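Student: Please give me a close look at a single part, and spell out the cut-offs as you go.

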Amino acid sequence: MTGTAGGVNAANGRVDVADLTVRYGGVTSLDGMSVTFEPGTCGLIGPNGAGKTTFFNVLSGFVRPAAGTVRAFGEDLLSIVHYRRARWGVRRTFQTEQAIEELSVFDNVAMVHEHSRLNGSSRVKDVLSAVSFVGLDVDPSTRVRTLSAGQRRLVEVARAVVGRPKLVLLDEPAAGLPDEETEHLGAVIRQIPEQTGALTILVDHDMSLVSACCATTAVLDFGKLIASGPTDEVLRDERVISAYLGTAEVS
Amino acid sequence: MLDVADRTASARQRWPPRRPDARTLARAAVITVLLLFVLLALPQLLSLYYIDAMTQVAVYSMVALGLGVLVGRVGLVSLGQVAVLAIGAWVAARLLFATSMPYPVVLLEAGLITMVAGTVIGLPALRLRGLYLALITLMLAGAITVVLATVNFPNGGHGFTGYNGSSVHIPPIRRPSIAGGDPAYFRYAVVVAALMFLLAWAHIRTRPGRAWAAIRQSEPAALAAGINTTLYKLWAFALASFITGVAGGVLAGAVHYLYSIDFPTQDSITLLAVVLMGGAYSLWGAIIAALLLQLLPALLNNWGVSADWLTILFGIGVLQVLTTAPAGLADQAPKDLARLGRLLLALARRLAPSGGTR
């Protein structure tokens, strides 16, 4: 299956995924996934177990695919060692939020910055601008342990945008957040490509958030890409609706 | 873009603060006063018996500090630290007999050589965590103990091991020229320990400390932040082993004679127990752990109570810590004292006749 999420003639700065396959023992989590993510914010949706987080784990280097390639910004992403990918520009948040409790807000964000080899940029300035970009209105020396769930999510997002990110992966950032915080998060996510130039991929089950943030969306079901294109069209697609309702026939 | 820059400018005015806050200053003052008291007043107040015990406290505070870095900061449980201490003591004793190098140089070398050995012991940590890592380090420690029991500690003999079994006159391990007597050597040990605490503190407050905190909470999050988890885990083992090796060097001079029987494998388990009781997440916890491990037996001994009771006490203590105060005494004691203070204050108010009560 091949699909293109977004405009056809985009230049650099896109992510081409070809025939990506991941197997865990007998389970095939990703089954020949091929898709192109164009610059901007792209949605990635699908029912539970569809392979969305597995796809992120491949991009982060936690999972080695059985087959397939990922070319990001013209480079072979899979050939980069996992811990070096943050330096290259892959940033992510986790489904279960992973802001480091023991550290302050500043240290949480500075940690990413100092391992990114950003020569010639001020760490304090970059970290503070990332913190203010996500709209986190707390003293940067506050320990993350004392923050609310919504604020911790923002710390994670600040970690994802600090410095020079190229590819920001957001894994259900709004899960468990109240409506007004989700709205704020959506406003932040919409600004990421414009502010940082990073291609942003948003995984979420909140369709209003996905439609509000993403011009284009790709849909996974049982490890296969079943649709991709402009978000409003994709969400009207019958195969997508039936996949979510659990009546899709998987070929 | 402008919007962000504006907000950043206002944030920069507030942060980072130019001057340290009152809390930091108070903490620095307390540490300075405490250190001066320990260095100047304590040797005058104590008998030689307790000065010796306090020298051991200084040595084991470093050992506990090393284990605290591993357990509290990185989340790696090692049950081989007493064997690492033995390596440090062995190397230092060998160098002290074989060379006339100044004591600080010997301590540094003992630390560095132990660092290499301890990092090798830590290699399984790259693959294992929790119980399995604890088991592997315990078994490696057991193996080291066996080797030490076979070749013995150096006692001024010839050859690589420097051990002479038939010797009648065994020379004691030398001490630094400026710290020959017990009170002076105690001060020397405290200064070395203070330097090691400073070293650990400098690590925790900067880049490696941040990386360790991330690794402890979540390795995927650490990797995603660009942290080379393999490097930083080995770094933690290297730092812990360096500190423990230096402690071994101080121990060698403190006791004058070293025997392999002084480093039983099971002591590493007791060490973990007291580190947990003292508080693995705080540097103070290492000092409390050393007091529990070395001063308490000395006190009991002086009172004619068998130190074997400590095994039971430590067992109860660990149980108590794991169930009610996971951050140990270093965290719990100030809270409890504050609670006690409030209680006493409330009591005093109630008892006072003109306290504004109706």
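**Where the chains meet, and the core**

Tutor: In this predicted model, 30 residues of chain A are in contact with 23 residues of chain B, contact being C-beta atoms, placed from the backbone, that lie within 7 Å. On the chain A side, helix H2 (85-88), helix H3 (105-114) and helix H4 (123-133) each give two or more residues; helices here are DSSP runs of H or I with at least four residues, numbered from the N terminus. H4(A) gives the most, six residues. Sorted by class, this side of chain A has 13 nonpolar, eight polar and nine charged residues, where Ala, Val, Leu, Ile, Met, Phe, Trp, Tyr, Cys and Pro count as nonpolar, Asp, Glu, Lys and Arg as charged, and the others, Gly among them, as polar.

A word on conventions: residues are numbered from 1 along each chain as written, with chains lettered from A and ligands numbered from 1 in written order. Local features need pLDDT of at least 70 and side-chain atom pairs pLDDT 80 or more, while totals for chains, interfaces and linings use all residues.

Now for the core. The largest nonpolar core has 180 residues, and A:Ala158, B:Ala64 and B:Ala189 touch the most other members. H3(B) supplies its largest share, 16 residues. Such a core joins buried Ala, Val, Leu, Ile, Met, Phe, Trp, Tyr and Cys through C-beta atoms within 7 Å, buried meaning 20 or more other C-beta atoms within 10 Å. Beyond its neighbours within four places in sequence, A:Ala158 is in contact with A:Val109, A:Ala130, A:Val131, A:Val134 and A:Leu136.

How values were computed:
Buried ≥ 20, exposed ≤ 12 C-beta atoms within 10 Å, placed from the backbone. Contact = placed C-beta atoms within 7 Å.
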